[in-house]
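Here is a short briefing on one protein chain. Please keep the structure open while reading.

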Amino acid sequence: NFESASTRLDGQFSVGVNSLFDLDLSLKEHRIRLAPRHPMLDQHYIVQTEEVDNFINLCFDWVLARKSGLYVYGHYRQGKTKAINSAIEDLKERLPFTAVLSCIGQRNLHQSKENFCLYLLDHWGHGITERRRNMRVEPVLLNFLMSQCEEVGGRQCVLFIDEAQLFSVQHYRYLLEIWNCMRDRGYILSTILVGQPGLTQLKDLTSEMDHGAVVSRFFVKGHSISGIKSEDMLSKFLENYDGALYFPVGSTWSYSRFFLSAAFEHGWRLKNESPIFWQALCSESGAKPNLIKSTGFRLAWVVDAIHGFLLDGMKTDKPKFHGTVDMWKELLSASTDRRLMI
């Protein structure tokens with residue numbers, strides 16, 4: 001990897017990367033100039049957490065066994081979409097002969113099977129611009145899915161559905177028909193539904209409407225995904241900014257070093273902020289310990305506070321810099337309402 005390469009070359013590689021954009025990043029004014037291009041601001045990065053790792057491994061085991069019907073639920077802003085992206089990349093790397101697709105559920109999508117198929121095709125950039133009279137859309141979708149399998153030399157297609165609770169029972173009945181048609185042609189469609197807790201209610205509604213076949217294909221095994229549940233989890237999360245995330249990529253400038261270089265060079269680490277950050281989270285949310293342990297703090301607000309902390313810290317960076325509980329509480333209150341933190 002890049003880091004080991006820089007070690008093998010006695011620092012020559014890292015020196016070159018650190019001088020990207022014709023800037024010497026050891027100078028604060030140059031890092032301030034480059035800061036607007038930092039991927040942290042666009043949130044174009046993924047932090048691997050224990051929850052994400054468990055989700056990735058679960059998806060891999062499920063797909064490897066050629067199963068369908070995994071459904072995962074958690075509150076909004078818990079990092080589910082980024083977890084899906086991580087799982088997709090993992091599957092493509094470890095199971096290259098498996099086609100992997102994703103789509104997003106839609107609440108107001110018309111109930112007809114034709115519109116459902118058209119929506120999926122459009123979402124994957126395979127829209128039908130010219131349709132012959134009485135042309136059926138379902139065979140086009142089936143051919144597309146099977147062709148995705150053929151392109152990677154396999155017979156299995158994995159479909160992730162984000163915001164899966166937005167599709168109706170009727171839509172899953174249509175998807176069941178597609179699932180059956182693919183099976184009849186010798187292909188496997190494995191589904192992984194990801195959504196908010198309402199996804200479990202959709203499963204119950206499906207059962208009540210006597211659509212057992214839908215449940216047995218798409219709601220076989222449930223799994224919950226949650227946020228930061230403990231100070232230890234928070235500490236491990238913050239540690240990523242100290243030594244797993246770098247900008248420029250391949251350089252020695254971790255995210256926390258980039259914004260707080262003087263403090264970083266004198267031993268400060270973002271990970272060290274975890275005790276007072278955790279105290280601020282508990283205080284600002286007003287949540288009871290049992291609820292925190294059950295659900296965890298939502299990642300989106302934790303990440304927003306981290307971004308604000310690093311950006312604000314860049315202005316006042318100094319060798320003995322460190323945060324305070326009040327500083328973290330102010331950042332949290334600026335990000336969201338306390339009732340939405342957990």
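A crossing of two helices is left-handed if the near helix is turned anticlockwise from the far one by less than a right angle, and right-handed if clockwise. By that rule, α17 passes α18 in a right-handed crossing. The model is predicted. Its protein chain holds 18 helices and five strands.

**Chain overview**

- The protein chain has 342 residues, and buried residues make up 51% of them.
- Take the contacts in the protein chain with a separation of 6 or more: 77% of them come from residues 24 or more positions apart.

**The sheet**

- Strands of a sheet pair through backbone hydrogen bonds, either parallel or antiparallel.
- Here, five strands make an open sheet with parallel pairing, in the order β2-β3-β4-β1-β5.
- At the edges sit β2 (98–104) and β5 (221–224), each of which pairs on one side only.
- Neighbouring strands of this sheet are turned against each other by 20° on average, direction ignored.
- Strand β3 (residues 156–162) runs parallel to strand β4 (residues 188–195), and seven bridges join the two.
- Ile 161 has Leu 193 in β4 as its bridge partner.

**Helices on the sheet**

- Helix α6 (residues 80–94) packs on the sheet and touches β1 (70–73), β2, β3 and β4.
- The direction of α6 makes about 170° with that of β3.
- Helix α8 (residues 138–151) lies across β2 and β3. Its direction is at about 140° to β2.

**Gln 148 in α8**

- Helix α8 includes Gln 148.
- Is Gln 148 buried or exposed? Gln 148 counts as buried because its relative accessibility is 19%, and the cut-off for buried is under 20%.
- Gln 148 is in contact with Ala 99 and Leu 101, leaving aside neighbours within four places in sequence.

**The α17–α18 pair**

- Two packed helices are described by the angle between their axes and the distance between the axes.
- For helix α17 (residues 299–316) and helix α18 (residues 325–335), the angle is about 125° and the axes are 9 Å apart.
- That angle makes α17 oblique to α18.
- From α17, the residues in contact are Trp 301, Asp 304, Ala 305, Ile 306, Gly 308, Phe 309 and Asp 312.
- From α18, they are Met 327, Trp 328, Leu 331, Leu 332 and Ser 335.
- By class, this contact of α17 with α18 has eight nonpolar, two polar and two charged residues.

Note on methods
Residues are numbered from 1 along each chain as its sequence is written. This is a predicted model: local features need pLDDT of at least 70, side-chain atom pairs count only at pLDDT 80 or more; totals for chains, interfaces and linings use all residues. Side-chain values use heavy atoms; hydrogens and water are left out. Two strands pair if DSSP finds at least two bridges between them. Helices (H or I, at least four residues) and strands (E, at least two) are DSSP runs, numbered from the N terminus. Axes are lines fitted to C-alpha atoms, for helices over the stretch in contact, and angles run from 0 to 180 degrees between N-to-C directions. Contact means heavy atoms within 4.5 Å. Buried means under 20% relative accessible area, exposed over 50%, partly exposed in between (1.4 Å probe, protein chains only). Angles under 35 degrees count as roughly parallel, over 145 as roughly antiparallel, 65 to 115 as roughly perpendicular and the rest as oblique. Ala, Val, Leu, Ile, Met, Phe, Trp, Tyr, Cys and Pro count as nonpolar, Asp, Glu, Lys and Arg as charged, and the others, Gly among them, as polar.
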